[in-house]
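Please keep the sequence and the coordinates at hand while reading.

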Amino acid sequence: MRKITKLEQANKGNKKAEKIRVAAYCRVSTDSDEQLESLNTQKAHYESYITSRDDWQLAGIYYDEGISGTGKSRRPELERLMQDCKAGKIDMVITKSISRFSRNTTDCLELVRKLLELNIPIWFEKENINTDSMESELFLSILSSMASDESLSISLNSKWSIKKRFENGTFKISYPPYGYGWNGETMTIIPEQAQIVKRIFSEVLAGKGTTAIATELNQEHIPTKRGGRWSSSCIRGMVANEKYCGDCLYQKSWSDSSYKRHLNHGEQTQYLQHNHHDPIISDKDWEAAQKVISQRAREKSISKGDEKYQNRYAFSGKIICGECGAKLKRCTHYTTNGSYAIWSCKTHINDKSRCSMLSVRDSDIKLSFLTMMNKLIFSHRLILKPYAENLKQNSTSQTLRHIAQLETSLAENSDKRKTLTKLMAQGFIDQVIYSQQTTELLSKADDIRKKIDALKNTTSNEATALMQAEELLRFTEKSPMLEIFDGDLFTRFVERIIVCSRHELKFVLKCRLTLTERM
């Protein structure tokens, strides 16, 4: 007979239980006095509540003020809470309600799952939900959806109220631009800042570039409204701001159903109020400055909109990081001797720990392209001509034969289905057999059609590659050695550039050739 012996826990009752490290998360959606008072009340409540329990230890109170709960992004304290949880500093999280934690269902469930993976439960006080004891996410999902609907209702009501204030001219500018202050009722001119505004408009009208103006202001240690550094985009934004001539344009941006903000390019109604406040710049000078900026934009092929820089440079959107796969962004690097253009990986710019790819000079990429093209011009008979001939021989013949065979199989499949239908109609086979065999034939027919479509796409791609190879061959046969970078030539023949390192590039040509150049 099997014998079971129960082993009692050693030193039971003598070992002091470890306290649970509990953190609280609070949030208010605006920075008004009433909301900040509510935030202080929440913080005091959690501090008192957690410290009053013998089995709990206060691990910290995290709070975001004046921030919407419709998305987890741009909530620094929530991000810090998640980082501390990952670092093992917290055992449990407590918050007032699901709507305080997140009004976005997807974000709420994502955060809960991440914490559960770390064995960290969340207790929502209002709903009395402890994720540690949940059998399913369904209940939490329903409540989170209700919070999301509540947020949408509040948002629609708020938008309606703001729109009415736009229409009757009673909307108040709570955060005026540089050069203005706010006395609670209207915008007032700040004389010291107003002088800087007049200087900026005067220099723009005199023909000075926005980058040069920003550089001078930074050299003179003149701070922006938020105490930061000036940039060319900041100067352009000021010059385009109608508030400096006393007018006010409402609804320059709008929020979509996912609570993401977009610049208003005619999607929503705008409202322009003249003589809203005292001007710093005259209407005449403001209009003249707009013409200067517009003329420069046309000269540089810059247009308004989210994709305004998409086609500004030949390399835009075509340089790929060989380490992380992100696109490279054009930046300007400033030195004591001047400045020069570089291309930097977007991932590396935001987080160097995720990608170590260093920036590459714009001039080096152009020189590498010239070197690659000159090599093709010099040795086109050895490289391009055999490549084009090989594409011509292998591109379509075998593929077309395979397509013909598949189409024959498809026709035979159709004949078999017709035969089955006749046999069932004449009573030679019953309905069950007919259905089974017809289903099998239809499934096989679908597979054949997919193979045919794939082969046709392949044939089309091969034909395109052959056409591009022949075009490149014709160019290299007639062209002299290149001395100057030509953006149109790059766009004509290059699909993309893969940056392997600061010293090595791969040019992926539209004819499917990939050529490596060292810098």
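Just after helix α7, His-221 takes a positive phi of about 60°; helices here are DSSP runs of H or I with at least four residues, strands are runs of E with at least two, and both are numbered from the N terminus. The model is a predicted one, in which local features need pLDDT of at least 70 and side-chain atom pairs count only at pLDDT 80 or more, while totals for chains, interfaces and linings use all residues. Residues are numbered from 1 along each chain as its sequence is written, and side-chain values use heavy atoms, with hydrogens and water left out.

Helix α7 itself spans residues 210-219, and its buried residues are Thr-210, Ile-213, Ala-214, Leu-217 and Asn-218, where buried means under 20% relative accessible area, exposed over 50% and partly exposed in between, with a 1.4 Å probe and protein chains only. Seen down the axis of α7, these buried residues fall within an arc of 130°, so they line one face of the helix; the arc is that of the directions from the helix axis to the C-beta atoms. In helix α8 (residues 232-239), Ile-235, Met-238 and Val-239 are buried, and because their arc, seen down the axis of α8, is within 95°, they too line one face of their helix. An α-helix has 3.6 residues a turn, so residues three or four places apart point the same way.

## A mixed sheet and its helix

An open sheet is formed by 5 strands in the order β2-β1-β3-β4-β5, with mixed pairing; two strands pair if DSSP finds at least two bridges between them. The edge strands, each pairing on one side only, are β2 (56-65) and β5 (129-130). Helix α2 (residues 76-86) packs on this sheet and touches β1 (20-28), β2 and β3, its direction making about 150° with that of β2. Contact means heavy atoms within 4.5 Å, and axes are lines fitted to C-alpha atoms, for helices over the stretch in contact, with angles from 0 to 180 degrees between N-to-C directions.

Within the sheet, strands β3 (residues 92-95) and β4 (residues 122-124) run parallel and are joined by 3 bridges, with Thr-95 standing opposite Phe-124 in β4.

## Antiparallel hairpins

Strands β13 (residues 328-335) and β14 (residues 338-345) pair in the antiparallel sense over 8 bridges and form a hairpin with 2 residues between them. Ile-342 of β14 is the bridge partner of Cys-331, and Ile-342 also has Arg-361 of β15 as a bridge partner.

Strand β16 (residues 494-501) pairs with β17 (residues 504-509) in the antiparallel sense over 6 bridges, and 2 residues connect them in a hairpin. Strand β17 pairs in turn with β18 (residues 514-518), again antiparallel, over 5 bridges; in that hairpin, which has 4 residues between the strands, Arg-512 takes a positive phi near 85°.

## Salt bridges

The structure holds 16 salt bridges, each being a side-chain nitrogen of Lys or Arg within 4 Å of a carboxyl oxygen of Asp or Glu. One of them joins Arg-492 to Glu-471, with the closest N and O atoms 2.9 Å apart. Arg-492 lies in helix α15 (residues 487-493) and Glu-471 in helix α14 (residues 431-478), so the pair ties together parts that are 21 residues apart in sequence.

Salt bridges that share partners join Arg-199, Glu-203, Lys-208, Glu-216 and Glu-220 into one network. In the bridge between Lys-208 and Glu-203, the closest N and O atoms are 3.7 Å apart; Lys-208 is partly exposed at 26% relative accessible area, whereas Glu-203 counts as buried at 15%.
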